[in-house]
Amino acid sequence: MCGVVGIVSEQPINQDIFDALTALQHRGQDAAGIVTCSDNRFFLHKGNGLVRDVFHTRDMLHLKGNMGLGHVRYPTAGTKSEAEAQPFYVNSPYGICLAHNGNLTNTEQLAQDIFSADLRHLNTHSDSEVLLNVFAHELQRLHKLVLEPQDIFTAINAVHRRCQGAYAVVAMIVGYGIVAFRDPYGIRPLVYGKRNTEEGTGYMVASESVALDALGFEVINDVAPGEALYITSSGQLFKQQCADKPQLSPCLFEFVYLARPDSVIDKISVHKVRLRMGERLGEKILREFPDHDIDVVIPIPDTSRTAALPLANILGVKCREGFVKNRYIGRTFIMPEQKQRRKSVRQKLNPIPLEFKDKNVLLVDDSIVRGTTSKEIIQMARHAGAKKVYFASAAPEVRFPNVYGIDMPTREDLLAHNTTVEAMAKAIGADWLIFQDLSVLGDAAREGNPEITQFEDSVFTGKYITGSIDEKYLVALAKNRFHC
């Protein structure tokens, strides 16, 4: 999970990209980078840390130009190398920079091909650098001194044929403009829009609509699966379908946790999905525990708040804020180490004893992944005086690793893998535990866009829609994680 942005404007865009990345900070807090283009030169600054810490006044003054890219990074393999911060750059052909959200699943084979067949050198272990070199090679094969829009689309068609996995990409070509494209399944989100000012019309592409909202851009549409956009430096927009058999299959976990609630992804309001998740989960609790003795529903900040209120309304009990969140601690889910996550839970949340003392409490969270956070929070609730602590997950059991850019690389990390709900409840210390049904979650999301026939839901089902994911691949992925 990362955040990407690309902007073409009639005015300097360094501050716009900074602001857009700040709106997307929830998608990655490990590293950030911005590259701009002026007078056929790239100006790049990137580093480890939050957007506000990576960029200072001197850096912003250096980032000249009216078009550029930005990226916030969260690593799926635990590496903290600053060299792997994005965007990446190659000087041939033309001069190209690229930023990427997602994960390629045939990176190893592509890397071999890039060296042996394409004669290109890779300087990092990042699949984004692999993707950049594949795109660059396909452009170079055209042997064109001057690129036309169709040339760019031809190269992207070849990228789709070679690359497997999830990728939402923004790229910039010196002297030409911004290019954006999405994998044939549309697993990771990508949206574009425009802004009209006195200076002229500008275009923006970003991972989530909130980035466009923050900067006054009007959303035009989501980039369709397999589709590519080319926005020239002068502000002309070209688009074309570049995949042979595209099928929209967005990641279901985006709606559960990853995206901001005020985003709209593939025409689906994240906020409304989470409201429906809460309603359906409340109905399930009434079916399974009709004689429940819940006194109060307490959400675990922040993502579960949207679901907790309608859930409490369905149950006919109070919904109260029971935890105060320290907003200067990052999202624990995307912290790279288990020990750091456990410590940060205590630093991030502090209970209000008044809401727990002598009460039977239902804690609501968006999902349970490793169980670390859930266990710590249940202990907090008991120490604050709760008589009983029940736990509800607005998502189904996360049983399988994710290979498309979310940090769930090993089955051993997952609380729900190869076990029962009763065993999980005991492991995290809950009096009882309940999960959303997968079919219900899918319906809650699909209600926002009935044209979607399938979601990428491998973390719940173990079925990987891009294919070629077998036991050997998953074992190698886990091994790579532990050796980073």
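The following questions and answers concern one predicted model. Residues are numbered from 1 along each chain as its sequence is written, and side-chain values use heavy atoms, with hydrogens and water left out. Local features need pLDDT of at least 70, side-chain atom pairs count only at pLDDT 80 or more, and totals for chains, interfaces and linings use all residues.

Reader: How many residues does the largest nonpolar core have?
Author: A nonpolar core is a set of buried Ala, Val, Leu, Ile, Met, Phe, Trp, Tyr and Cys residues joined through side-chain atoms within 4.5 Å. Buried means under 20% relative accessible area, exposed over 50%, and partly exposed in between, with a 1.4 Å probe and protein chains only. F253, I285, V297 and L362 have the most contacts inside the largest core. Its number of residues is 53.

Reader: Which residues is V297 in contact with, leaving aside its neighbours within four places in sequence?
Author: Contact means heavy atoms within 4.5 Å. With those neighbours set aside, the list for V297 is A308, L311, A312, L315, V317, K318, C319, R320, L362 and V364.

Reader: How many residues are in the second, separate core?
Author: Among its members are F88, V179, F181 and C242. The count for this separate core is 31 residues.

Reader: How far apart are the end C-alpha atoms of helix α6?
Author: Helices (H or I, at least four residues) and strands (E, at least two) are DSSP runs, numbered from the N terminus. The expected span of a helix is 1.5 Å times one less than its number of residues. Helix α6 has 14 residues, 149–162, so it should span 20 Å. The distance between its end C-alpha atoms agrees, at 20 Å.

Reader: Why is α6 described as largely enclosed, and what covers its buried residues?
Author: Of the 14 residues of α6, 11 are buried, so the rest of the structure largely encloses this helix. The buried residues include I152, F153, I156 and V159. Their cover includes α4 (107–116), α5 (127–140), β7 (165–173), β8 (177–182), β12 (227–232) and β13 (237–241).

Reader: Which residues does Q140 touch, not counting those up to four places away in sequence?
Author: Q140 lies in helix α5. Its relative accessibility is 33%, so Q140 counts as partly exposed. Beyond the excluded places, Q140 touches S92, P93 and R120.

Reader: Which residues stand opposite K194 in β10 and β11?
Author: Two strands pair if DSSP finds at least two bridges between them. β9 (residues 191–197) pairs in the antiparallel sense with β10 (residues 200–206) over seven bridges, and with β11 (residues 218–222) over four. In β10 the residue opposite K194 is Y203, and in β11 the bridge partner is E218.
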